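I opened the notebook to look up a few spots in this structure, and here is what I wrote down. Follow along with the model on your screen.

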Amino acid sequence: MYLIKAYEPDYIIFGGDNCERWEYTSQFFSLYRREIPNIKTALIPGNHDLWSYHKDTKREAIYDHIRKTCKEYDITFLEENPIVDGKILLCGTIGWYDYSAKPEAENTEFLIVNKGTMNNDGNYIISDIGDLEFAEQCKKRLLKNIRANQKNVSDILVFTHVPVLKETLAPPPYGKNAREWYMSNSYFYNFSIGKELLKNKKVKLIISGHVHRYMSGMSKNVHYAVCGSDYGEPEALFIDYDDGFLNIDRVE
Ligand SMILES: [Fe+2]
């Protein structure tokens with residue numbers, strides 16, 4: 001908080017996995033606004049935000065609850081409300097995984113049915129809408145938001161919870177089982193969104209999260225970074241973007 005106060009950013013953007021117990025969304029926003037009452041703030045949910053620990057609340061109801069609660073605390077729900085600031089468009093989506101990062105030999109249906117053995121989304125996400133359909137909805141919503149606003153801006157900055165670029169696929173850390181690592185990547189990426197974003201010359205920056213490992217680089221002419229926040233080890237990216245100039249400071 002002291003860094004935010006010292007830095008005085010124009011915007012704070014929560015990139016997902018913000019408050020794992022959806023029942024506490026209101027308390028979380030209330031505490032945040034008590035500390036940071038005036039800085040313009042936007043949010044995209046992460047997969048953990050949509051978990052139902054008691055397995056009694058559907059993902060879509062939780063999503064809706066977060067959307068409504070954002071409004072109460074003057075937080076822009078970036079999924080549905082992109083921000084145009086001068087010549088810059090800020091937009092984003094949770095970007096749900098579409099299994100595009102699965103190992104080629106693995107069967108998508110098998111990975112969907114057995115998700116609970118590899119990823120807790122399989123145990124705590126309750127929904128009638130399958131992963132592939134939800135991922136498609138997220139992509140369509142993001143592209144629609146971009147289409148609706150892009151003619152008035154020169155630069156588009158995109159925030160996604162799950163990474164969307166192939167460059168962000170990382171090899172297994174030392175000591176991890178390689179097969180398990182590559183299998184679990186099935187639940188971490190949506191390359192279909194990245195493919196669409198790279199076609200748009202106004203997209204200048206893509207910031208993502210979800211995979212707990214910091215990365216940055218260029219894909220074609222697009223800068224990207226992945227925030228490396230991990231359990232008990234939060235991280236923030238301080239992004240300075242002005243007329244094509246970009247600087248990213250990683251604060252652990
Ligand atoms: Fe996540």
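**Entry 1: L50 and its surroundings**

I counted 28 C-beta neighbours inside 10 Å of L50, so L50 is buried. One caution before going on: this is a predicted model. I then looked up where L50 sits, and found it in the loop between β2 (40–43) and α3. Which residues does L50 touch, leaving out those up to four places away in sequence? I noted P45, R59, I62, Y63 and I125. I also checked L50 against I66: the two are 16 residues apart in sequence, and their C-alpha atoms are 9.0 Å apart in space.

**Entry 2: two residues with positive phi**

Next I went looking at backbone angles. D74 is not a glycine, yet its phi is positive, about 55°. I placed D74 in the loop between α3 (59–72) and β3 (75–77). Is D74 buried or exposed? I found 12 C-beta neighbours inside 10 Å, and a residue with 12 or fewer is exposed, so D74 counts as exposed.

H212 is another residue other than glycine with a positive phi, here near 65°. Its place is in the loop between β7 and β8 (215–219). With 15 C-beta neighbours inside 10 Å, H212 counts as partly exposed.

**Entry 3: α6 beside α8**

Then I turned to a helix pair. The axes of α6 (residues 131–149) and α8 (residues 191–198) come within 10 Å and cross at roughly 20°. Angles under 35 degrees count as roughly parallel, so I put α6 down as roughly parallel to α8. The crossing of α6 past α8 is right-handed.

Which residues meet in this pair? From α6 I listed K139, L142 and L143, and from α8 they meet S192, I193 and E196. Sorting the residues of this contact gave me three nonpolar, one polar and two charged.

**Entry 4: the buried face of α8**

I stayed with α8 and asked which of its residues are buried. My list reads I193, G194 and L197. Looking down the axis of α8, I saw these buried residues fall within an arc of 100°, so they line one face of the helix. What covers the buried residues of α8? The cover includes α6, along with β6 (155–160) and β7 (203–208).

Definitions and conventions: Residues numbered from 1 in each chain as written. Predicted model: local features only at pLDDT ≥ 70, side-chain atom pairs only at ≥ 80, totals over all residues. Axes fitted to C-alpha atoms, helices over the stretch in contact; angles between N-to-C directions. Helix = DSSP H or I, 4+ residues; strand = E, 2+ residues; numbered from the N terminus. Parallel < 35°, antiparallel > 145°, perpendicular 65-115°, else oblique. Left-handed = near helix turned anticlockwise from the far one by under 90°. Contact = placed C-beta atoms within 7 Å. Nonpolar A, V, L, I, M, F, W, Y, C, P; charged D, E, K, R; others polar. Buried ≥ 20, exposed ≤ 12 C-beta atoms within 10 Å, placed from the backbone. Arc of directions from axis to C-beta.
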